[in-house]
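Welcome! Here is a short tour of some strand pairings and of a helix that goes with them. Keep the structure open as you read.

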Amino acid sequence: MLVISFIGYLPKEVSVSANMGNVVLEQSLSKLDEVQVIAYGTTTQRLSTGNVTTIKADVIEKQPVNNPLLALQGRVPGLFIEQATGFAGTGVKVRIQGENSISNGNDPLYVIDGIPFMSQLLSLGDITSVQGRSDNNSSGNPLSFINPYDIESIDVLKDADATAIYGSRAANGAILITTKKGKAGDMRVNLNLQSGWAKVPRKLDLMNSQQYLEMRREALKNDGIVTPDPGPYSDSDLNGNWDTSRYTDWQKELIGGNATYQDLNTFVSGGNDRTTFLVGAGRHRETTVFPGHYADSKTSVRFNLINTSANQKFKIQFSGAYLFDNNQLPNQDLTLTAMILAPVSPALYKSDGSINWAPTTLGNSTFISNPIGYMFNSFLNKTSNLMSNLTLSYQIMPGLDIKSEFGYNKLNTDIIKKNLVQSQPPEILLDASRSTVFINNDINSWSIEPQLTYNHNISRGKIELLLGTTISKNTSLGSGILASGFSNDLVMEDILSATSVSAMSSINSIYKYNALFGRINYNWEDRYIINLTGRRDGSSRFGPQSQFHNFTSVGGAWIFSNEEFIKEHFSWLSFGKLRASYGTTGNDQIGDYRFLSLYDPLQQQIPYQGIVAYQPNRLTNPYLEWEETRKLQFGLDLGFLKDRILLNANYYRNRSSNQLSSYVLPITTGFGFIDKNKIDKVENSGWDLMIASTNIQNKNFKWSSSINVTVPKTLLRQTNDVRFPATVIVGAPLSAIKVYHFLGVDPATGVYQFEDHNGNPTSTPDPALDANVLLDLAPKFYGGFSNSFSYKGFQLDFLFSFVKQIGQNQGFGFYTPSDGYGKGNQLVSLLDRWQRPGDISSIQRYTTNRSDVTQAWRNAVNSDATWADASYIRLKNVSLSWQLPENWSKHANLQNCSLFVQGQNLWTFTRYKGLDPETKGSTTLPPLRVVTIGLKVTL
């Protein structure tokens, strides 16, 4: 007898004969046998020795998102995702099992169809800061330039067994994205169209006109000011310049609009047993909730071609994708303005539609903070992303294959930001100057990975060997130019029409990387599995003394449910597996050339003798070494009742050492610091759990559920740097901060009080001595709960995500430095304020800008009263679809057709005092509530 098996299919025994004919395998319906993509190969959850979670295309397509990372939120244990803003192209924070590095990158490795993809965009300063940051260095997220509809599956690799073969690039885990491929069969045309709208899901309860004016007058009285300033640039809300009978809900006016959401995707696929193809295109467009006509439009195309020779030995796969993003969203976030703009402020526009500066009879503008002025400025961000991949493979002999992957990626960003004179009040037009910022960034990368694989049966087991090498190069080029003095608006994109041109920034760096890697996997009768991986990395980011480093791992699994004893005595246990792994990974996310002694050009208006001068930037350190993370993980996988209930539990402990950081130097050296490795050690540990169940399944009805939860902890285990930030304490969470202990309002003075280091109340605490309350900002636990119901042609899916955390809330109101504290609008809750000696209140006395009261407010914001509960449960996604009956589809010459309604960020339960608990703030646009209606057709 011969046993034939293949990943994702049930094994089949056949009799050996000279003419066996075709053997057809039956596809396994168990989730344990679904294909999982791992580093340089595939496996299944049943046979995997690592901690891997897979999200399929059917889950991604049910979510109206513009970044595929957002489709993972709340669905993968051990993966924490946080959206920075509600703008298209927003920054996305991604952490897999915590943060390993204190000062450097903590992003995972992204791999698309086997080719590494960048995790961060080049820094653009504050030009695109409204999009929010993915990490400490740059705004936005590069995966915004990938069409989510092109994706077949996303696999998240977490432990050393799954990631060590990627070496230094996967210290923070890895996310593998596999795109859709053509399938053999008749040619098919797939069309997915959806359109909808988006809104800010929550408003703050702000003061109305009467409450605001009461606050303003009381502030002047408290500060001993009898008469409001009569000038146009000060107290226009009280001195008669403005109509105090007006009321405007600025949240409704500025961020209360409806944004449109439109998405169209189509692809044609088909082929035969030797050649398959797929060609697709997409169009995505989003507008904004702000007033005005702004939009972010994306156009994408994709193709994939796979061909196999007649003898099935030679195989070629060629794929490519191109996306062009035309982002014309405003470069100004009006959210904070919507919060603090006085409700008695004048209208934004005059009756003739022009901007309203509310001039006095003398012509001086009183409404210089009119937010529409900012919107006159022009911002255009054009980004193109080209990805291509070629894979060649040849079977030398049965079981021995040689393969090579060639990848290329080019991401280019062109930004033109124009500051027009129309954005300024009329009285300063004579002194105003038109200016344009030109920015061009370009990231080019290529990689080549030859591989040799060998599969062979040994005794009652199967061995798989892999040997390969990686050669890659990444080139980053960027420039920023400021041009000013244009004569009119029409020529502001012509740099030759500027009277003044100056360089703002310059980027020119090359990163080279090579490696040798290998893997040995042995599977004994699908019961005992051992997996060994190794990699030797070389990186141009380290000095000649430490350019190479070795990373290894060992993983093992025991599928005890295949033991005869378990089969005989525990028939209700359909699957059981114990896993363990240990290994090392590294981190080289430190930027280029940090081991070298560098010089920066010193810009001067009049260069000495016409030559640009250079100044030293840093000292050399040829001994700069890799950060290293040692990962230990134990896992348990269980299946009950013929795999209708699946449990996946993991304990992890990752210890990161040899931290790369800046070491402070005496000023006599001429430099403030030098980059070096420290003995600081960071430990990430925790539990992640996932339970998936098929609750009911019959001919017409199916109900399945899934819940996952992660309980993480990140601690600083060791440091010897006495100049380390005082908020970081050995044995304490890495994300901990020290704040004041809030005691309330002093009934005698009406000013906030805090506890000093002696336990006494004070309104002027010393930050070095009195900030003694230690708070951990990292989430205590997070996860998600999903359900899926299907009845005949109807299907309902929904996901709740949840996070237990603290955050800085808005309980003490807003500080408005442009107008002075007290001049901007505030929360209604601030009406519970101190007014006279003896009052017991939660809010201190009002002030216009008195320094001691204002400083007390700043201290309160940095106290344990502001850092409070920001936990939430969010209805993250809902999808309701109806598939037309088969006879209806056939009558319309369709293979199938379905109508659907989808929603994202629909409802949030939280006690957080602010706009959004995920962004933990009220000054940036929060994630929007999105609802779409769509049609999915297959021809």
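Two strands count as paired here if DSSP finds at least two bridges between them. With that in mind, this predicted model has an open sheet of three strands, ordered β34-β35-β36, with antiparallel pairing. Because β34 (741–745) and β36 (761–762) each have a single partner strand, they stand at the edges, and one side of each is left without a neighbour in the sheet. Within the sheet, F742 stands opposite F754 in β35.

Which residues of α8 are buried? They are V853, T854, A856, W857, N859, A860 and V861. The cover over the buried residues of α8 includes β34 and β35, along with β40 (806–808) and β41 (867–869).

| Strand | Partner | Bridges |
|---|---|---|
| β34 | β35 (residues 752–755) | four bridges |
| β16 (residues 314–327) | β17 (residues 378–397) | 14 bridges |
| β17 | β18 (residues 400–419) | 19 bridges |

To find your way along these strands, look for K315, which stands opposite S393 in β17.

Terms used: Residues numbered from 1 in each chain as written. Predicted model: local features only at pLDDT ≥ 70, side-chain atom pairs only at ≥ 80, totals over all residues. Heavy atoms only, no water. Helix = DSSP H or I, 4+ residues; strand = E, 2+ residues; numbered from the N terminus. Buried < 20%, exposed > 50% of the residue type's maximum accessible area, 1.4 Å probe, protein only. Contact = heavy atoms within 4.5 Å.
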